[in-house]
Amino acid sequence: MGWYALPTTVPWLTLAVVIPLSGALLVALTPTVARRVIKQLGILASAITLLLVLVIVGGFQHGVGNLHLQFEEARQWVPTVGISYHVGVDGLSLFLLGLNALLFLIAILVTSPATPRLKQFILLLLILEAATAGILLSLDLILFYVFWEAMLVPLYFLIGVWGEGPRVYAAFKFLIYTVIGSFAMLVAILAVAAINFAQTGQLSFDWTVLVQHPASGVWQLPLNLGAIGIPQLLFLGFALAFAIKMPLFPLHTWLPAAYTASPIPVVIVLAGLVSKLGAYGFLRFNLALFPDAAHSLGPALAVLATTGILYGAFMALVQTDLKRLVAYASMSHLGFIGLGIFAGNLLGIEGALVQMVNHGVIIAALFLIVAMIERRTGTRDRAQLRGLGARAPLFAALFLVISLAALGLPGLNGFVGEFLIMLGAWTAFVPLAVAAGIGVILAAWYVLRFYQGSFQEAPPQPAGFIEMRVADVGVLAPLLALMIVIGVSPAFFPAAVEATVKALPVLLR
Amino acid sequence: MTINLNGLGIDYGAILPELIVTGTAIVVLFLDLIVPAERRRWLAAVSVVGLLAALVATIPLWGQNRAAFGDTVVADSLAAFFNVLLIVISILTVLVSPRFLRALDLDHGEYYILLLGATAGMMLLAAATSLMTIFLGIELLSISLYVLSGFARTALRSQESAMKYLLLGGFATGFLLYGMALIYGATGSTTLQGIAAFTTASGLGASSNVLLLLGIGFLSVGLAFKASAAPFHMWTPDVYEGAPTLVTTFMSVATKSAAFAAIGRVFIATFPSIASRWYFPLALIAIFSLFIGNLVAITQDNLKRMLAYSGIAHAGYILLGILPGTAEGFSATLFYIAGYAVMNFGAFAVVTVLGSGGERTAELSYWRGLFYRRPFLATVMTIFMLSLAGIPPTVGFFAKLFIFRALVDAQIWAPLIVAVIMTIVSFYYYLRVVVVMLAAPEETTVERERVGISTGTVLGAAAAATIILGIFPAVVLNWATHAASLHF
């Protein structure tokens with residue numbers, strides 16, 4: 001935020017990847033039986049990362065730097081093919097980086113010390129944190145792809161080994177969907193670089209180079225089937241990977257299985273962060289590298305995003321399993337983010353960026369609440385829960401705040417993002433904005449029904465529902481604080497990201 | 001190419017590494033008569049020393065272009081690249097051998113002699129620039145391997161494997177030789193240089209010369225057989241399964257590498273002017289290999305068979321790099337071969353180490369919960385599986401990336417799309433192994449065995465190389481680029 005200037009000699013961003021990895025190495029070297037030490041190492045590594053990221057956020061200056069990128073580090077990696085190690089941070093990635101560090105700290109904090117094979121669990125979480133940080137920081141397309149794929153392996157094992165119910169099925173479905181998207185993106189990445197080489201003679205996978213020479217041209221389909229614009233084709237290649245990760249309707253079918261099967265620390269990361277990486281990819285690559293294609297294909301994707309809002313909301317309404325309910329709520333909210341992105345105007349994109357952080361905070365908190373309820377009552381079935389609030393007033397109060405943030409009450413963070421997105425969508429596509437508005441109403445319905453049904457109706461049924469403990473409040477505190485801070489000072493985020501968003505090629509066309 | 005006018009062009013320096021390996025084989029042959037049975041480890045030690053000497057002798061050949069013996073062999077960077085690769089594989093195999101041989105009661109000196117003989121044959125094949133020397137190399141490596149695959153004399157499976165390999169291999173050799181005869185008939189030369197000169201000189205005529213094209217076709221069948229590319233792969237699963245695992249380990253990486261050295265020299269260096277003729281059949285072989293290898297691997301419950309089919313699939317990826325006929329494509333091929341050698345050797349070596357417990361150990365069910373019984377083996381196996389699947393940060397990822405990049409640059413779309421789809425399929429069977437190893441163990445009795453020091457070092461080194469090359473691929477890629485560029 002430009003509060004101070006950081007020395008440029010320190011590789012700040014590399015450290016954000018290296019610290020979790022070093023933590024993982026230390027965990028690997030710790031004996032399996034030292035469970036307390038393992039968990040504390042995990043907390044320590046992710047806490048240091050969070051501190052580091054906060055230092056970076058504090059030293060970030062508005063609208064400074066080449067393409068508004070700061071803390072850049074560029075080194076040759078595989079020079080013969082034009083691959084480099086290039087990292088940097090701008091308005092698109094800055095706050096997600098913070099969210100990343102925060103959610104991983106929370107995920108490790110809420111990991112039960114009784115988790116089987118705790119060592120491998122913490123190890124994989126730390127590796128995952130390094131990979132997701134790398135995704136947000138990479139400015140070389142191959143480097144980005146390496147981190148993108150590297151993220152898959154820990155997630156696959158975290159779901160497949162520590163999950164519940166049909167975990168192997170869920171993990172495998174997730175894997176196959178993601179890999180299909182990834183390879184489509186890989187081919188698109190190779191093609192982007194090849195086209196750029198043909199057009200400019202410069203062999204590079206560097207985002208800062210490619211963004212200045214948008215691909216153009218038309219590909220004649222064989223057998224006289226017509227022609228398709230090359231930017232559109234490449235746009236779709238990237239879009240498939242990001243749409244699956246987000247997920248965008250109708251590529252969401254892996255989501256309920258994976259979210260429901262994941263253990264709570266994993267689902268916090270998966271819903272809170274990984275889904276946003278898909279949205280981030282749309283902004284960083286689709287909108288920046290293919291502005292023309294974004295204009296021509298944006299409306300179609302906006303329709304899909306709006307469908308996702310309504311579909312997710314309706315599905316959330318009919319769920320009885322609370323984890324599934326929150327999973328579909330998450331999907332519905334991601335639809336808003338998609339709508340904002342594909343509206344393709346300043347308000348929409350700013351709203352989407354704000355909402356990405358908000359969604360991460362809110363969904364993580366909701367999943368934590370579900371986990372706390374399940375731990376106390378042994379069930380996630382909405383029908384079996386009644387009147388919990390009478391026994392645990394503090395629990396009820398905190399849950400109410402989170403619920404209100406989730407349904408977008410003004411004064412809390414959810415409203416800020418949704419409002420900006422609705423404004424952006426209204427300028428771009430009025431009917432979609434109206435449909436999204438219905439989604440807001442549905443959100444109020446399913447969220448309040450969840451809260452009222454389980455906490456308010458008397459008589460209090462499951463006896464001995466325990467009040468929130470200090471540790472529980474401690475985990476929720478940073479999330480609640482963010483909900484209120486963002487809610488009452490809504491201009492904070494948009495101002496910080498405005499310079500970067502205004503420079504996005506899609507807005508310049 | 002400089003022609004050595006000194007008589008027949010005798011230049012022993014150019015084939016010094018091959019000579020050293022052959023010499024070591026002969027030394028070991030005699031030592032075997034003197035060394036008492038309980039000291040057979042010495043034979044392994046002598047073999048390693050000889051191989052290391054050959055490695056040192058290879059270094060001066062880097063960057064040279066020494067044609068020798070009347071243009072029948074050449075000492076160039078490509079040969080040096082393969083020499084290093086093959087010698088390293090051979091050394092690693094020898095290092096793992098003594099323990100395994102003793103466990104299976106196969107501790108005979110002939111093993112090392114045959115291994116060295118096969119290595120010499122492969123090195124010769126990589127350096128061969130004449131149909132005669134190609135044949136010589138192939139025969140030397142094949143005959144050694146026929147015997148090696150039947151080395152477990154008392155095991156019926158091993159006998160069956162050797163018999164199958166011998167019969168089918170002999171058949172393939174017939175094709176190869178017939179192809180060579182036809183090419184000689186068409187071009188009047190046995191040296192690749194002479195053949196290339198003929199095809200270039202006859203211009204368009206060469207691409208409609210039926211004799212020549214038929215010859216190339218038969219030659220391809222013989223070479224594809226050695227590289228175990230589909231549809232000439234039928235022997236692979238049975239032989240890999242039946243042969244002693246250690247032999248399979250060596251065979252699966254070394255034979256394939258040497259075969260691709262020859263394929264590169266023949267197709268890219270000798271017949272570039274008729275590339276439009278061999279492009280389609282070669283693309284078809286590659287696509288077949290990708291389909292059959294990856295799809296059949298899914299159904300395998302025996303790890304040796306699974307890795308055999310995965311090897312067929314990888315032959316397909318490697319062939320894809322030949323298709324563009326460019327230096328870029330060929331350097332991607334060379335990088336892939338080096339990466340494949342490291343990761344596949346490692347994977348088979350893990351099967352070998354477990355295999356000392358008996359034949360049942362290659363069944364996937366035996367691997368249940370391996371993470372809790374043998375954490376080290378399971379961890380390195382995970383690394384090899386991820387690398388074979390092509391997940392970063394492992395060498396397998398960059399190997400595939402470079403091949404895909406060469407295809408995109410050459411605008412070869414159909415094989416690329418097949419390769420991409422089949423790579424997705426391959427995730428299933430590679431990751432299945434990892435999932436099985438993570439599953440809860442069935443039996444409660446936990447038998448924890450220690451891995452021997454030399455075996456542990458070899459496995460650790462292979463795993464480390466898999467990851468290090470996956471993070472810093474530039475060095476090996478530069479070597480590959482240099483070795484590949486000599487052709488053009």
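**Helix burial and chain contact in a predicted model**

Trainee: How many of the 16 residues of α3(A) are buried?
Mentor: α3(A) is mostly covered in this predicted model. A residue counts as buried if 20 or more other C-beta atoms lie within 10 Å of its own. Of the 16 residues of α3(A), the number that are buried is 14.

Trainee: What distance does helix α3 of chain A reach from its first C-alpha to its last?
Mentor: This helix covers residues 94-109 of chain A. At 1.5 Å a residue, 22 Å would be expected.

Trainee: Which element gives the most to the side of chain A that touches chain B?
Mentor: The contact takes 21 residues from chain A and 20 residues from chain B. On the chain A side, the elements giving two or more residues are β1 (70-78), α5 (141-162) and α6 (167-200). With 10 residues, the element that gives the most is α6(A).

Trainee: How many residues on the side of chain A that touches chain B are nonpolar?
Mentor: The residues on this side divide into nonpolar, polar and charged ones. Two are polar and one is charged. The nonpolar residues number 18.

Trainee: What is the radius of gyration of chain B?
Mentor: The C-alpha trace of chain B spans about 75 × 55 × 40 Å along its principal axes, and buried residues make up 60% of the 488 residues in the chain. Because a compact globule with 488 residues would have a radius of gyration near 23 Å, the value for chain B agrees with that expectation. The radius of gyration of chain B is 21 Å.

Methods: Residues are numbered from 1 along each chain as its sequence is written. Chains are lettered from A and ligands numbered from 1 in the order in which they are written. This is a predicted model: local features need pLDDT of at least 70, side-chain atom pairs count only at pLDDT 80 or more; totals for chains, interfaces and linings use all residues. Two residues are in contact if their C-beta atoms, placed from the backbone, lie within 7 Å. Helices (H or I, at least four residues) and strands (E, at least two) are DSSP runs, numbered from the N terminus. Ala, Val, Leu, Ile, Met, Phe, Trp, Tyr, Cys and Pro count as nonpolar, Asp, Glu, Lys and Arg as charged, and the others, Gly among them, as polar. The expected span of a helix is 1.5 Å times one less than its number of residues. A residue is buried if 20 or more other C-beta atoms lie within 10 Å of its own, exposed if 12 or fewer, and partly exposed in between; C-beta atoms are placed from the backbone. The radius of gyration is taken over C-alpha atoms; the globule rule is 2.2 Å times the number of residues to the power 0.38.
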